[in-house]
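Here are my notes on this one, as numbered points. Have the model open while you read.

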Amino acid sequence: MLLVDDEETVRTAALEMLRDLGYQVATCSDGREAVEYYRARWAQTDLVILDMVMPVMGGREAFIAMRRINPRIRAVLSSGYSLDGEAQRILDEGVLVFLGKPYRYAELSAAVAEALARKV
């Protein structure tokens, strides 16, 4: 699994929760770094959790670039903002689940399980 968020405290907290749930997780701090990671390791990456708003490259751009690498990418979009027009647009483009921040253990667990269970 790949977790992408520009806020270190968010990455650290989510990483700890995901590891506690039994997942192996890599992290990246921006979309460009995540695309490069995914390009090299997409076959071993079963899910990507992408923050929507990040410097360098945002979640939508990163998702589109990753989808070019693997059209069957499984992705969760995360944001501290509500499910607005931009978030809905990314979901319409193929992201499987929206996850609001701050992360809550049960919601993170449910979003990951749902995304992994969905057909792509």
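1. Quick one to start: is glutamate 93 buried, exposed or partly exposed? Glutamate 93 is partly exposed, because its relative accessible area is 21% (buried means under 20%, exposed over 50% and partly exposed in between, with a 1.4 Å probe and protein chains only).

2. Some ground rules. This is a predicted model, where local features need pLDDT of at least 70 and side-chain atom pairs count only at pLDDT 80 or more, while totals for chains, interfaces and linings use all residues. Residues are numbered from 1 along each chain as its sequence is written, and side-chain values use heavy atoms, with hydrogens and water left out.

3. Glutamate 93 has a partner: arginine 60 forms a salt bridge with it, the closest N and O atoms being 2.7 Å apart (a salt bridge is a side-chain nitrogen of Lys or Arg within 4 Å of a carboxyl oxygen of Asp or Glu). Arginine 60 sits in helix α3 (residues 59-69) and glutamate 93 in the loop between α4 (85-92) and β5, so the pair ties together parts that are 33 residues apart in sequence. Helices (H or I, at least four residues) and strands (E, at least two) are DSSP runs, numbered from the N terminus. Arginine 60 itself is buried, at a relative accessible area of 17%.

4. By that rule, the salt bridge count comes to 7. One of them joins lysine 101 and aspartate 51, with the closest N and O atoms 3.1 Å apart. That pair links distant parts of the chain, 50 residues apart: lysine 101 is in the loop between β5 (97-100) and α5, and aspartate 51 is in strand β3. Lysine 101 counts as buried at 16% relative accessibility, and aspartate 51 is buried too, at 4%. Asp5 joins in as well: Asp5, Asp51 and Lys101 form a network of salt bridges.

5. Another salt bridge is between the side chains of glutamate 114 and arginine 118 (3.5 Å, N to O). Glutamate 114 is partly exposed at 39% relative accessibility, and arginine 118 is partly exposed at 33%.

6. Now have a look at arginine 11, in helix α1. Arginine 11 is buried yet has no salt bridge, and the nearest side chain of opposite charge, glutamate 8, is 4.9 Å away (Lys and Arg count as positive, Asp and Glu as negative; His and the chain ends are not counted). Leaving out residues up to four places away in sequence, arginine 11 touches Leu3, Asp5, Asp6, Thr27, Cys28 and Ser29 (contact means heavy atoms within 4.5 Å).

7. As for α1 as a whole, the helix (residues 8-20) has 13 residues and reaches 18 Å from first C-alpha to last, close to the 18 Å expected at 1.5 Å a residue. Its buried residues are Val10, Arg11, Ala14, Leu15, Met17 and Leu18. They cover an arc of only 165° around the axis, which puts them on the same side of α1 (the arc is that of the directions from the helix axis to the C-beta atoms). Their cover includes β1 (2-4), β2 (26-28), β3 (48-51) and α5 (105-117). The face turned away carries the exposed residues Glu8, Thr9, Glu16, Arg19 and Asp20.

8. Just after α1, glycine 22 takes a positive phi of about 100°. Tyrosine 23 is in the loop between α1 and β2. Leaving aside neighbours within four places in sequence, tyrosine 23 is in contact with Met1, Leu18, Val112 and Leu116.

Definitions and conventions. Expected span 1.5 Å × (residues − 1).
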